[in-house]
Every structure is written in C-alpha cells, then in structure tokens.
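Please study the sequence and the structure shown below.

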Amino acid sequence: MSRFDVIVIGSGPGGYVCAIRCAQLGMKTALIEKYPTLGGTCLNVGCIPSKALLDYSERYFELQHKLPQMGITAEKVKIDAKKLFAQKDAVVQKTVEGVRFLMRKNKIEVFHGVGTFVDPHTVKVQGEKEVQLQANYIVIATGSKPSSIPGVTIDKKRIITSTEALSLGKIPKTMLIIGAGVIGLELGSVFARLGTKVTIVEYLNRVLPGFDLEAAKALQRILEKELEITFYLNHKVTAVEVKRGRTYLTAESRTDAKELKQSAEYCLVATGRRPYTEGLGLENAGLQTDERGRIPVNEHLQTAQPHIYAIGDVVRGPMLAHKASDEGIFVAEHIAGLKPHINYLAIPSVVYTWPELAMVGFTEEELKEQNVPYKVGKFPFMASGRARASLDTEGFIKVLAHKETDQLLGVHMLAPRAADMIAEVALAMEYKASAEDIALTCHPHPTFSEVLREAALAVDKKAIHI
Ligand code: FAD
Ligand code: NAI
C-alpha cells in the first residue's frame with residue numbers, strides 16, 4: 001500500500017492542473033488515469049484536436065473564399081484528408097507528452113488504470129496489476145462523456161459523437177448533426193468548410209442556448225450564408241437508423257407537428273455531455289450523485305466527505321477546460337490551508353467558429369429575467385478600419401452595464417479573435433470595472449480590440465466612429 005498526501009483521479013485539465021498545484025505546495029501527490037495518455041477529454045478528444053481542425057479548415061476555406069478578394073488566388077487547391085487528420089494527431093501527441101513531462105518535473109506519481117474507491121481514504125487502481133493507494137485527501141476529476149437522446153443509439157461508426165468525428169480521417173459528402181450547441185456549430189463549421197453538406201437539427205427555437213440570443217442568431221445567419229449549413233430549429237429528433245451504411249433521421253416539428261426526414265452519410269450526436277462516475281465506486285466512499293449524475297459539492301468543492309473534493313465536468317457549472325483547471329488550483333490551495341477564490345461570473349465561454357463568439361457575465365435575457373436595470377453599448381465591426389482591412393466586417397461587440405452604477409454585467413462578442421479579446425473583459429469583471437473603465441483605457445490602433453472600447457463608449461452614447 002502506497003501512501004500519499006493527495007490522490008487525484010482523472011488527468012484532464014482539472015486533475016492534472018490540481019496535481020501540479022498540490023506538488024508545488026509540497027504535497028506528495030498521485031495521479032490516476034484510466035487511459036494510456038494523460039490530458040483527459042480536453043487534450044485527447046476535445047479542445048485541442050477540435051481547435052486544430054478548426055484552424056486547418058478555416059485556412060482552406062479562406063484560401064478559396066476570402067483570399068481571392070485580396071488578389072491572391074491559388075490553383076488546384078487540394079485537401080489531403082489523411083494528412084490533415086494526421087497533423088491533428090501529431091498536435092495531440094505532443095500536447096499529451098507535455099503533460100507527462102510536467103508530471104515528471106513535479107515528481108507526481110502517475111498510475112494508469114481505473115481508480116475505484118475501496119473506502120473513503122483508499123483507492124485501488126486496476127491497471128496491468130492492481131495496486132492500492134491511500135491518502136489524506138482525494139480529488140475526483142473524472143470529467144464527462146457524450147450523452148445521447150431517446151431513439152438514438154450511438155454505434156460509433158455512422159451514428160457518432162465528437163470523439164469519432166475528430167478522427168474521421170475523411171471528408172464525407174453529407175453530415176447530419178443533432179444539436180446546435182457548441183460542438184454542433186464548431187464541428188459543423190469544420191466539415192462544412194471542408195466541403196461537407198451539413199444539416200443541423202435542434203430541439204430549441206434558437207442555436208447556442210446560454211449565449212446572447214442576438215449574437216447567436218447573427219452567428220447562425222453567417223453560418224447559413226457563408227458555409228451553407230442548413231438549420232432545422234424547433235425539431236425534436238425521435239429516431240436515427242442506419243441502413244446500408246447511411247443514416248436516416250426522423251424528427252417532429254414542435255410548431256406544426258410535421259415530420260422531418262433527413263438522410264446523410266454520418267449523423268453526429270451533439271446533445272450535451274454527462275458527468276462520468278462509472279467504475280469509481282462512489283458508494284464505497286459514502287458518496288452519491290444528484291439527479292443529473294453530478295457529484296454534489298459545497299462552495300469549497302468538498303463532497304459529503306470533507307476530505308474528498310470533486311472538480312470540473314463531474315460537478316455543477318459550465319463544462320469548460322479553464323473552469324476545471326481553476327477549480328483544480330482552488331482545491332489544491334484549499335487543502336493547503338490557503339484562501340483561494342473563484343468568481344464563476346467572470347469565467348468566459350467561447351465558440352470557435354468564424355467569427356468567434358465569446359461571452360463573459362450575464363446575457364441580456366438573464367438580466368431581463370432577474371429584473372436588473374441595464375444599459376447597452378454596441379459597436380459593429382463594419383465600422384472598424386482594422387476589420388475592413390482583413391475582410392472581417394461581420395459581427396459586433398455588445399457591452400452590458402448596470403443602469404445606475406455602470407458596473408460591467410456582461411460582454412458578448414461576435415468577432416474576429418473574440419476568444420483572445422474576451423480575456424480583457426474577464427480581467428475587468430474580476431476587478432468589478434465599469435463600462436467607463438474600458439472606455440477610458442487606451443487601446444492600440446488599428447486593432448479589433450478598439451471595437452470593445454467603442455462599445456464601452458456606446459454605453460453612454462459616446463462612441464466616436466459611428
Ligand atoms: P476530462 O477532461 O473529461 O478528464 C477526465 C479524465 O478522467 C479522463 O481522462 C478519464 O479517462 C479519467 N477518468 C474517468 N474516470 C476514471 C477513473 N475511475 N479512474 C481513472 N481515470 C478516470 N472546453 C473549453 O474550455 N474549450 C474548448 O475549446 C473545448 N472544446 C471541446 C471540444 C470538444 C469536442 C469536447 C468534447 C469538449 C470540449 N471542451 C472545451 C470541454 C472540455 O474538454 C472539458 O470541459 C474538460 O476536458 C473537463 O475537464 P475535466 O478535467 O473535468 O475532465
Ligand atoms: P450543448 O449543451 O452545448 O448543446 C447541446 C444542444 O443539443 C442544445 O442546443 C440542445 O438544445 C440540443 N438538443 C438536446 N436534445 C436534443 C434533441 N432531442 N433534438 C435536437 N436537439 C437537441 O452540448 P454539446 O454541444 O454536446 O457540448 C457539450 C459540452 O462540451 C458543452 O457543455 C460545452 O461546454 C463543451 N464544449 C465546449 C467547447 C468550447 O468551449 N469551445 C467546445 C465543445 C464542447
């Protein structure tokens with residue numbers, strides 16, 4: 001039996017970051033991962049491979065559709081699908097090896113195999129051989145898995161999840177996607193840019209629930225126009241069948257009860273993810289999951305057993321890598337007796353389409369629902385010289401500030417490089433800045449970030465270039 005100060009179960013961005021911070025704080029730390037590579041969903045089958053494919057497909061699309069406007073034409077442009085996916089694999093491999101290096105550097109002992117609680121302080125690891133580990137503190141960071149819907153059985157061959165889509169190795173002629181959420185729009189963009197005819201069927205009357213409605217609608221229109229993606233909103237998928245290597249989807253319209261029938265080579269199910277606790281033996285630790293399969297935690301991320309913490313996708317809150325990592329650092333510092341802090345309102349969310357959609361704070365819909373008085377400042381990229389130069393004039397930035405105090409309540413960007421620009425707003429919100437604070441800050445010219453300043457100025461009707 002090996003003894004540790006802390007055992008972390010799961011090596012995703014929650015678990016491995018937590019393990020590093022524990023080690024930095026002088027704790028003897030073990031990390032358990034059931035797969036042969038470290039890094040979890042994010043590095044292996046999530047953020048990193050999807051962003052690689054989004055980057056490559058965007059360049060290909062630009063070469064054909066944007067660069068000719070700049071006087072640049074390339075003849076006989078071809079895609080080598082095998083190479084494209086192989087390059088994505090190479091990026092993933094380098095990234096997961098990086099995590100292995102960080103574990104060695106921080107003297108974290110890594111155990112491969114499924115981690116299962118034997119009792120509240122003991123975890124057995126069923127790998128090549130079974131070992132038992134004990135610790136004063138245990139952190140559950142076992143993440144999430146794709147979920148499906150009634151009537152749809154994922155066979156991983158034709159009816160697939162994001163994991164299979166990221167390793168398809170070819171560009172299909174047609175693809176159906178169930179769910180116009182983040183995965184639906186990101187992977188829909190990848191394949192549509194590469195030439196696949198993409199059709200997205202969504203239950204709700206809008207795309208991207210949780211994001212600003214106006215920005216989400218505008219993004220939908222851009223994807224329809226530029227990538228020719230077809231959207232069927234307000235449709236409940238009731239069945240998907242595979243016949244002779246083709247998928248056939250049936251959905252009911254929620255507005256007029258008409259039936260929708262669609263067929264394609266592949267059907268990607270992107271209807272959300274569920275917390276993953278199978279094989280953990282939670283009952284042996286005296287723990288239970290809630291009605292949505294999550295592990296309940298208090299404000300310190302402690303479970304019903306105060307020495308057992310849970311973080312990331314397996315607990316409440318947005319399923320985002322940076323949220324999981326922040327919680328990992330929080331827990332390590334809490335165990336060490338420090339006074340860590342997380343402001344959940346200042347956690348940004350990004351959809352990596354083009355333009356990108358990024359947000360932090362409340363949406364207008366939430367502010368209305370909560371009867372919070374607010375002011376809006378909006379500025380379009382059409383009026384930005386920088387955006388005109390790079391032909392990125394679609395989109396806008398919207399700043400929401402409290403009507404009386406001017407405190408920033410939310411910022412929504414449908415913008416080129418929104419993913420990078422939103423960090424400025426997250427910092428501003430951490431410091432409880434006002435819209436005027438951003439408006440008074442000098443931004444470099446010419447940049448996309450000037451649009452944020454103009455939107456902040458527009459809150460008090462002081463925008464200059466419109
Ligand atoms: P995970 O990354 O899921 O890691 C959990 C790990 O625990 C896994 O490796 C699993 O094998 C292991 N494990 C589970 N049970 C056991 C056990 N009993 N014993 C041992 N090991 C176990 N988020 C972003 O912020 N930005 C993005 O751009 C982004 N893109 C995404 C794209 C896709 C296609 C997907 C699917 C997700 C994306 N996400 C993105 C979400 C992000 O990947 C997750 O929020 C993040 O990985 C959660 O981290 P985690 O540490 O909680 O869990
Ligand atoms: P999601 O929750 O973003 O979207 C799921 C969509 O499916 C919703 O719009 C929902 O209304 C729809 N849906 C549900 N049931 C349906 C049905 N029966 N018929 C039609 N539509 C239906 O989930 P998604 O896209 O699967 O992503 C999972 C998680 O991964 C998200 O929570 C997200 O946070 C994370 N992720 C984050 C990324 C990022 O940060 N850029 C990228 C990809 C994933």
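Which backbone atom of cysteine 42 lies 3.3 Å from an oxygen atom of ligand 1, and of what kind is it? It is a backbone N or O atom. This is a predicted model, in which local features need pLDDT of at least 70 and side-chain atom pairs count only at pLDDT 80 or more, while totals for chains, interfaces and linings use all residues; side-chain values use heavy atoms, without hydrogens and water. Residues are numbered from 1 along each chain as its sequence is written, and chains are lettered from A and ligands numbered from 1 in the order in which they are written.

**Ligand 1**

- Polar contacts (pairs of N or O atoms within 3.5 Å) with oxygen atoms of ligand 1 include a polar side-chain atom of lysine 51 at 2.7 Å and a polar side-chain atom of histidine 322 at 3.3 Å.
- Ligand 1 on its own has 1000 Å² of accessible area (Shrake-Rupley method, 1.4 Å probe), and the protein covers 94% of it.
- There are 38 residues around ligand 1 (each with a heavy atom within 4 Å), and Glu33, Thr41, Lys51, Gly115 and Ala321 come nearest.
- Helix H2 (40-45) is one of the elements that give two or more residues to this shell, and H2 gives the most, with four residues. Helices here are DSSP runs of H or I with at least four residues, and strands are runs of E with at least two, numbered from the N terminus.

**Ligand 2**

- The shell of ligand 2 holds 23 residues, of which Ile183, Glu186, Glu202, Gly272 and Val350 are the closest.
- A nitrogen atom of ligand 2 is 2.8 Å from a side-chain N or O atom of glutamate 186.
- Polar backbone atoms also take part: that of tyrosine 203 is 3.1 Å from a nitrogen atom of ligand 2, and that of valine 350 is 2.8 Å from one.
- Taken alone, ligand 2 exposes 840 Å², and the protein buries 79% of that.
- Helix H6 (182-194) supplies the largest share of the shell around ligand 2, three residues.

**Helix H8**

- Glycine 337 follows H8 and has a positive phi, near 85 degrees.

Note on methods:
Polar contact = N/O pair within 3.5 Å; in protein donor to acceptor, adjacent residues only side chain to side chain.
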